[in-house]
Amino acid sequence: MFKPNEDYLKLPGSYLFSTIAKKVAAFQESNPDKKIIRLGIGDVTKPLPKAVIEALHKAVDEQANAETFRGYAPDLGYEFLRHAIAENDFRARGCNIADDEVFISDGAKSDSGAIQEIFSKDAKIAVCDPVYPVYVDSNVMAGRCGDYDENTGMWSNVIYMPCTAENGFAPELPSETPDLIYLCFPNNPTGEAITKDQLQKWVDYANKVGAVIIFDAAYEAYISEDNIPHSIYECKGARTCAIELRSFSKNAGFTGLRLGATIIPHDLKVSFNGKEVEMHSLWARRHGTKYNGAPYIVQRAGEAIYSPEGKVQVKEMIASYMKNAKYIYDGLKEAGYTVYGGKNSPYIWLKTPDNMTSWEFFDYLLEKANVVGTPGSGFGPSGEHYFRLTAFGSYENTVEAINRIKAL
Ligand code: PLP
């Protein structure tokens, strides 16, 4: 008889969003006249910027002619996009990243799940708690995390770094030394960011102990404050210890189109069997074997966000989501809630009132205000007694939802 991959069997079901959907459906069925507003979604709602649509149309037309038709894309991405990313997202910010250190992919979820493959099976991972679940689950699938404890919601072989109001949502350096450290700032779900000085401490630590930081910059476009780094390569020494993940989803609305990039500097290397090995070459080997490249038309669409018009349109889109974020943040504060995030990210993280659990507050908000959010405990044990609202809805719905909460 065949055998399944037992590491997959260890994974507990991912019940968060299905439980939310079931509760909302049941409430709507027994209250058909109520208008439910969803501020729990992590997906964007605005259409793609005009520059992106124009680039898509143009690239589609190219596919209609033998002279301009493109088949398989280069494994690591088209030069035009690798150059546009390296130039605009890194060199323009003073980060020394070469075009060939940029690998194009179909998004940060795929890359954040797959990056662990180029590290040893024995590598020990450290994650923030609460956390974007892909980092842990992909390492569980690879057999690195030990056993799951249903009571604590934790894996026996993972280093958890709590991020709560008590430490300003910034993880402290762990007492046990990890091999791989996953950091995501601005953070999902807390919406909080860390300063360049705080990130520099992590870079120095990783270089000192010989660990690698996987830095997820999916929300960098939402940064509004000057002292928050947009890339880990703004920190000195990051080229020898950090891999950065980039996404086109939340800045340019590519959640359905799919595009991302991973940066691996040539300086990230290790001595193995007497030879120097670049992690860049391992990822290139992995990409070449398992991936046939993001579609040409999508890479052209991605290039368009760096055109002068594209830059303006992307800025406008982010500004409109951030207008929602401000309305949520200010409105909740006015209503007496303790609120975090929302300044450098589209996520607002609030402390549940009266020591309610995250799920008790979910039910309260659904029943009393007909507003849906996401219980913080769904992102990890340290998310208990917190709740996430997102700025990705329409302005009208956002205003109505917050006014309903204020009226409670
Ligand atoms: N990383 C974080 C922290 C996210 O919150 C998300 C999506 O919600 C992703 C990565 C996924 O990005 P992509 O759409 O590029 O796969």
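The model is predicted: local features need pLDDT of at least 70, side-chain atom pairs count only at pLDDT 80 or more, and totals for chains, interfaces and linings use all residues. Residues are numbered from 1 along each chain as its sequence is written, and side-chain values use heavy atoms, with hydrogens and water left out. The chain divides into domain 1 (6–47 + 316–406) and domain 2 (52–308). These bounds come from an automatic or database domain assignment.

**Domain interface**

- The centres of domain 1 and domain 2, taken over C-alpha atoms, are 26 Å apart.
- Contact (heavy atoms within 4.5 Å) involves 29 residues of domain 1 and 41 residues of domain 2.
- The size of an interface is often given as the accessible area lost when the parts come together.
- Between them, domain 1 and domain 2 bury about 2,800 Å², with 62% of it on carbon and sulfur atoms. Buried area is the accessible area (1.4 Å probe) that two parts lose on being put together, summed over both.
- On the domain 1 side, I318, N344 and F379 lose the most area to domain 2; together they make up 22% of what that side buries.

**Polar links and makeup of the interface**

- One salt bridge is counted between domain 1 and domain 2. The term means a side-chain nitrogen of Lys or Arg within 4 Å of a carboxyl oxygen of Asp or Glu.
- K10 and D147 form a salt bridge, with their closest N and O atoms 3.5 Å apart.
- There are 13 residue pairs in polar contact between domain 1 and domain 2, both residues at pLDDT 80 or more. A polar contact is a pair of N or O atoms within 3.5 Å; within protein, one must be able to donate a hydrogen and the other to accept it, and residues adjacent in sequence count only if both atoms are side-chain atoms.
- Elements giving two or more residues to the domain 1 side that touches domain 2 are α1 (6–9), α11 (308–334), β13 (339–341), β14 (347–351) and β17 (386–390). Helices (H or I, at least four residues) and strands (E, at least two) are DSSP runs, numbered from the N terminus.
- Helix α11 gives the largest share of that side, four residues.
- By class, that side has 16 nonpolar, eight polar and five charged residues. Ala, Val, Leu, Ile, Met, Phe, Trp, Tyr, Cys and Pro count as nonpolar, Asp, Glu, Lys and Arg as charged, and the others, Gly among them, as polar.

**A four-stranded sheet**

- An open sheet of four strands runs in the order β13-β14-β17-β16, with antiparallel pairing. Strands pair if DSSP finds at least two bridges between them.
- β13 and β16 (374–375) are at the edges with a single partner strand each, so one side of each has no neighbour in the sheet.
- β14 and β17 run antiparallel and are joined by five bridges.
- Y347 has T390 in β17 as its bridge partner.

**Salt bridges in the whole structure**

- A search of the whole structure finds 20 salt bridges.
- R286 pairs with E117 in a salt bridge, the closest N and O atoms being 3.2 Å apart.
- This pair links distant parts of the chain, 169 residues apart: R286 is in helix α9 (residues 279–290), and E117 is in the loop between α5 (108–114) and β3 (125–129).

**Backbone features**

- Most residues other than glycine have a negative phi, and most peptide bonds are trans.
- D129 and P130 are joined by a cis peptide bond, with omega about 10°. P130 lies in the loop between β3 and α6 (134–141).
- N188 and P189 are also joined by a cis peptide bond, with omega about 15°. P189 is in the loop between β7 (180–184) and α7 (196–209).
- N273 is not a glycine, yet has a positive phi of about 50°. N273 sits in the loop between β11 (269–272) and β12 (275–278).
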